[in-house]
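Biologist: I would like to learn how to read a structure like this one. Could you take me through it step by step?

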Amino acid sequence: MSQGTLFIVSAPSGAGKTSLVRELIESLDGIQVSVSHTTRAKREGEVDGVNYHFTDAATFEGMIARGEFFEYAKVFDNYYGTSRKAAQTVLDAGQDVILEIDWQGARQVREQMPEAVSIFILPPSRSELERRLASRGTDEHAIIARRMRDAISEMSHYDEYDYLVVNDDFTTALQELQSLVISRRLACPLMSERHASLLATLLSQAPGVE
Ligand SMILES: Nc1nc2c(ncn2[C@@H]2O[C@H](COP(=O)(O)OP(=O)(O)O)[C@@H](O)[C@H]2O)c(=O)[nH]1
Ligand SMILES: Nc1ncnc2c1ncn2[C@@H]1O[C@H](COP(=O)(O)OP(=O)(O)O)[C@@H](O)[C@H]1O
């Protein structure tokens, strides 16, 4: 079975990547998001095993020691990481997989899988980023201030990515993400099995063709 494509999606906190990725996987078949592990506290409404695998630091460090992470990093003083199992299970099923990770994790993934496609999502302005962080209603003022400070260093890595999407109008940004996934699927070197068998038929027994 052919392997799916691995997409990396990064953005400063509050830019809208979780909302966009959720809509993207609902709107397209054959694509899933990998569920990360984290040591950060669960927010109201979040479900263990769905939004994240919520773990304590000792468990996370045990997984690091056993080499169970494909990538991991410390972000806002907490550990976040993608287990090898989480990403590989989806890819082996022939599905595309999205990793919602920070720039440090993105670097680790590119080293191991240079064919991964990376996308950076930008907010339309700093003030709108702050407004979104506040309007989400999930974080205290101090946490929002910390995320705003770290947003600039996260965004400074934009040029390590293959594509940039500005999340100003949500529908436009979603359409751009859909186009990136679809165009990757149509790319020749990643020919699907359907295209491979069509081409085998078209190019075989071609009587009279030089
Ligand atoms: N390296 C890495 N970063 C992650 C992973 N999961 C999430 N992150 C990063 O951690 C940041 C904080 O995530 P979170 O606390 O859920 O806040 P949110 O992005 O504002 O929803 C995100 O912006 C991601 O960039 C992961 O598995 N690996
Ligand atoms: N294009 C957009 N316009 C206005 N609000 C948005 C847009 N995209 C996302 N949001 C809102 O901004 C907040 C942060 O989005 P979220 O997906 O949680 O961001 P992230 O995962 O990048 O931290 C949420 O309340 C979300 O509904």
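Modeller: Let's start with pLDDT, which is the predictor's confidence in each residue, from 0 to 100. Here the protein has a mean pLDDT of 91, and 94% of its residues reach 70 or more. The model also scores ipTM 0.97 and pTM 0.91. This is a predicted model, in which local features need pLDDT of at least 70 and side-chain atom pairs count only at pLDDT 80 or more, while totals for chains, interfaces and linings use all residues. Residues are numbered from 1 along each chain as its sequence is written, and chains are lettered from A and ligands numbered from 1 in the order in which they are written.

Biologist: Which residues around ligand 1 are the closest?

Modeller: A residue is near a molecule if its C-beta atom, placed from the backbone, lies within 6 Å of it. By that rule 18 residues surround ligand 1, and the closest are S13, S36, Y80, D102 and G105.

Biologist: Which element gives the most to that shell around ligand 1?

Modeller: Helices (H or I, at least four residues) and strands (E, at least two) are DSSP runs, numbered from the N terminus. β5 gives the most, with four residues. β5 (69-75), β6 (78-83) and α4 (103-112) each supply at least two residues of this shell.

Biologist: How many residues of each class are in the shell around ligand 1?

Modeller: Ala, Val, Leu, Ile, Met, Phe, Trp, Tyr, Cys and Pro count as nonpolar, Asp, Glu, Lys and Arg as charged, and the others, Gly among them, as polar. The shell around ligand 1 has five nonpolar, nine polar and four charged residues.

Biologist: What comes nearest to ligand 2?

Modeller: Of the 13 residues around ligand 2, the nearest are G16, T18, S19, R132 and F170. Two or more residues of this shell come from each of α1 and α5 (126-136). Its classes are three nonpolar, seven polar and three charged.

Biologist: At what angle do α5 and α6 pack?

Modeller: Axes are lines fitted to C-alpha atoms, for helices over the stretch in contact, and angles run from 0 to 180 degrees between N-to-C directions. α5 and helix α6 (residues 141-155) pack at about 150 degrees, with their axes 10 Å apart. Angles under 35 degrees count as roughly parallel, over 145 as roughly antiparallel, 65 to 115 as roughly perpendicular and the rest as oblique. α5 is therefore roughly antiparallel to α6.

Biologist: Which residues make the contact between α5 and α6?

Modeller: Two residues are in contact if their C-beta atoms, placed from the backbone, lie within 7 Å. L129, E130, L133 and A134 of α5 meet I144, R147, M148 and A151 of α6.
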